[in-house]
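Hi,

Here is the model I said I would pass on. Have a look at it first, and then read my notes below.

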Amino acid sequence: MRQIATSIMDINAADWDGLANPSGSEFNPLVSHSFFRCLEQSGCATEDTGWAPRHLVLTDTSGRVRGITPCFKKTHSYGEYVFDHGWADAFMRAGGRYYPKLQVSIPFTPVTGPRFFAADAVTRSELAQALIDLSKHERCSSVHVTFLPSTDWKELGGATWLQRTDIQFHWHNDAYDSFANYLAALSSAKRKNIRRERAAVARAGIRLQLLTGSDICEKHWDAFYEFYMDTGARKWGTPYLNRTFFSLIGKSMADHILLVMAERAGKMIAGALNFIGSHALYGRNWGAIEHHDSLHFETCYYQAIDYAISRKLQRVEAGAQGGHKLARGYMPITTHSLHQLAHPGLQHAVARFLEAERQGVLEEQQALAGHAPFRQEQDD
């Protein structure tokens, strides 16, 4: 049976988490029931903000949940990080109606993770077909499944589901036992530059504090929200997350949060929010009310690397964009999305565009990898 949940609260947390983060698999806190609940309860991801929940649930004849897809009916394309504004504009200029559409994703979160919560390929295929049926029922123009694992992308992609790629920058832990050990793997020039950047932050009298669990208090969220709003307003115009959201994750997910706070002269001036998984540290949001040389790099990147090394995490995922991350050891990796457009003409046009785009992404990734900051044999 198929059911559509218009609230995360209509789905049992144990059912959701058991499929999204099954025992023995890599744990990702950003696909947890708690994270989605905080987004909804805070009012960040609701119908009022253009993120109306339409979570798809498959059950067997006994009522046991065997598959879930986190899905939203959207009236815009903001907060997704896989951009389809050009498709929307072209379709609407031709007389079509692009919105509403269905979006399968973690709202405001460009992190790869499961999107078809199921134990087998047959159920994932059923969920994919159910999404198309739901799109027709809701009179949506399209379905977009973003930041899904490459295995699911390959499994489901084809004529019906168009395949798209992009690039992010991730840091990978090559069994480093310290930050100094990591620096030793870099070329001389890159190693000296990172040391210079870290020294600049120290000379400014800035102290970094790493907080997790019960060490995170409301005063820290007050300060971080100020940083987030200041930086977000300058970059995006209207930041997506509200103050309530941070209190909610602080209460329900504190053990999976790493909050890096920068302090100068007894005052908190910058911060970076990370989520802790079993294998990865996920960098999410950053902000500052004072601007100092290399403070962004130290707070967001170097502290994250140091923490990942100390916890023996396999990687740090630093979010969207950022070619500047390459010089700091974050390497280009491919991200994946699937798209199904109901109008045959639009589907055909987008398919041709994506074929060329995938080749361009591949060439860009290869070029970026050629500028890896790691030392060669002849390097000092």
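Let's start at Tyr-81, which sits in the loop between strand E5 (71-74) and H3. Its phi is near 70°, a positive value in a residue other than glycine. Keep in mind that this is a predicted model, so please read every value here as computed from it.

Ser-294 is another one to look at: this residue is not a glycine, yet its phi is positive, at about 70°. You will find Ser-294 in the loop between strand E13 (280-288) and helix H10 (295-311). Ser-294 has a relative accessibility of 8%, so it counts as buried.

The peptide bond between Tyr-99 and Pro-100 is cis, with omega at about 10°. Pro-100 belongs to the loop between helix H3 (85-93) and strand E6 (101-104). As background for these spots, most residues other than glycine have a negative phi, and most peptide bonds are trans.

**The chain as a whole**

Stepping back, the chain has eleven helices and 15 strands. The radius of gyration is 21 Å, which agrees with the value near 21 Å that a compact globule of 380 residues would have. Along the principal axes, the C-alpha atoms fill a box of roughly 60 × 45 × 45 Å.

Of the 380 residues, 55% count as buried. Among contacts with a separation of 6 or more, 75% come from residues 24 or more positions apart. The chain exposes about 16,600 Å², and carbon and sulfur atoms supply 50% of that area. As for charge, there are 40 positive and 40 negative side chains, and the centres of the two sets lie 3 Å apart.

Thr-69 is in strand E4 (residues 65-69). Its relative accessibility is 0%, so Thr-69 counts as buried. Its side chain reaches the backbone oxygen of Arg-115 at 3.5 Å. Setting aside residues up to four places away in sequence, Thr-69 touches His-55, Leu-56, Val-104, Arg-115, Phe-116, Leu-127 and Leu-131.

Gln-163 lies in strand E9 (residues 162-172). A polar atom of the Gln-163 side chain lies 3.0 Å from the backbone oxygen of Trp-153. Trp-153 is also one of the residues in contact with Gln-163 once neighbours within four places in sequence are left aside, and that list includes Ser-337, Leu-338, Leu-354 and Arg-358. Gln-163 and Ala-351 are 188 residues apart in sequence, but their C-alpha atoms are 8.2 Å apart in space.

Is Arg-315 buried or exposed? With a relative accessible area of 15%, Arg-315 is buried. This arginine is in strand E14 (residues 315-317), and its side chain makes a polar contact of 2.9 Å with the side chain of Glu-317. Neighbours within four places in sequence aside, Arg-315 is in contact with residues including Glu-26, Trp-171, His-172 and His-279.

Arg-195, in helix H7 (residues 188-203), counts as partly exposed at 48% relative accessibility.

Send me your comments when you get a chance.

Cheers

How values were computed. Residues are numbered from 1 along each chain as its sequence is written. This is a predicted model: local features need pLDDT of at least 70, side-chain atom pairs count only at pLDDT 80 or more; totals for chains, interfaces and linings use all residues. Side-chain values use heavy atoms; hydrogens and water are left out. Helices (H or I, at least four residues) and strands (E, at least two) are DSSP runs, numbered from the N terminus. The radius of gyration is taken over C-alpha atoms; the globule rule is 2.2 Å times the number of residues to the power 0.38. Buried means under 20% relative accessible area, exposed over 50%, partly exposed in between (1.4 Å probe, protein chains only). Contact means heavy atoms within 4.5 Å. Accessible areas come from the Shrake-Rupley method with a 1.4 Å probe; for residues, only the protein chains shown count as cover. Lys and Arg count as positive and Asp and Glu as negative; His and the chain ends are not counted. The place of a charge is taken as NZ of Lys, CZ of Arg, CG of Asp or CD of Glu. A polar contact is a pair of N or O atoms within 3.5 Å; within protein, one must be able to donate a hydrogen and the other to accept it, and residues adjacent in sequence count only if both atoms are side-chain atoms.
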